[in-house]
Amino acid sequence: ISSTHLVTGSDGKATATFRHGTRSGTATITATVSHEELDAPLTGSVEQQIDHAAPHKIANLWYEPEVTAGGTTEIVVRMVDRYGNVVDGRNVAEEVTFTVGSPAGFVGGTDKITVPVDAAGNATAMLRVDTLAGENLVSIYPPAPIVSDMISITGVGGPPADITQVVVPSSGSVPADGKTEVSFTYTLFDEYGNPTAGHGLWVNATLL
């Protein structure tokens, strides 16, 4: 119903049928009675919750494609029904399962975790990427009939924690001829031994 006029029967009752559309949310149903002997109209209202339909597709998938090795990052999935309504957890909380190859894992779980959607329609998993820099493949399994998906999150070297030096030539001594060159190569590593990029070095020489 959007608006309709009813007349009560001998039992004082009148019945209206509400047919909701394709939009989820809260519908407020209000009945109003006016009578010449009433100083003000009588009203009665109720809020009718309208749930989403069955999950139809993944509408949004949020994640950081690069994360510091050994660090954590959120993976957030939001689904909608065939009418575009968000699949939220206000009535029945649908679940999404996440899996990842070891030794990466999920905070609060192992290499597999199942997460219900919240009131905003988000299913959020917290991934802890491998301490070894490289690719972490995460599989996402929403409710049927939505097909599974896979994402790649790359672990990259973190802040420098160690430095190594290679000298060429490695003899330890070179002639003072004004032309012989010596090469110094420095490598920075994070706390897990991964090479770490994008950090500047200051190199200076002092003659003893």
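Colleague: Which residue in strand 5 is the bridge partner of Asn60?
Modeller: That's Arg78. Keep in mind that this is a predicted model, where local features need pLDDT of at least 70, side-chain atom pairs count only at pLDDT 80 or more, and totals for chains, interfaces and linings use all residues. Residues are numbered from 1 along each chain as its sequence is written, and side-chain values use heavy atoms, with hydrogens and water left out.

Colleague: What makes strand 3 and strand 5 a pair?
Modeller: Pairing takes at least two bridges found by DSSP. Strand 3 and strand 5 (residues 72-81) have six, in the antiparallel sense, so they count as paired. A strand here is a DSSP run of E, at least two residues, numbered from the N terminus.

Colleague: In what order do the strands of the open sheet come?
Modeller: The order is 3-5-9-7, with antiparallel pairing.

Colleague: How much of the protein counts as buried?
Modeller: By that cut-off, 25% of its 208 residues.

Colleague: How many helices and strands are there in the protein?
Modeller: Zero helices (H or I runs of at least four residues) and 13 strands.

Notes:
Buried < 20%, exposed > 50% of the residue type's maximum accessible area, 1.4 Å probe, protein only.
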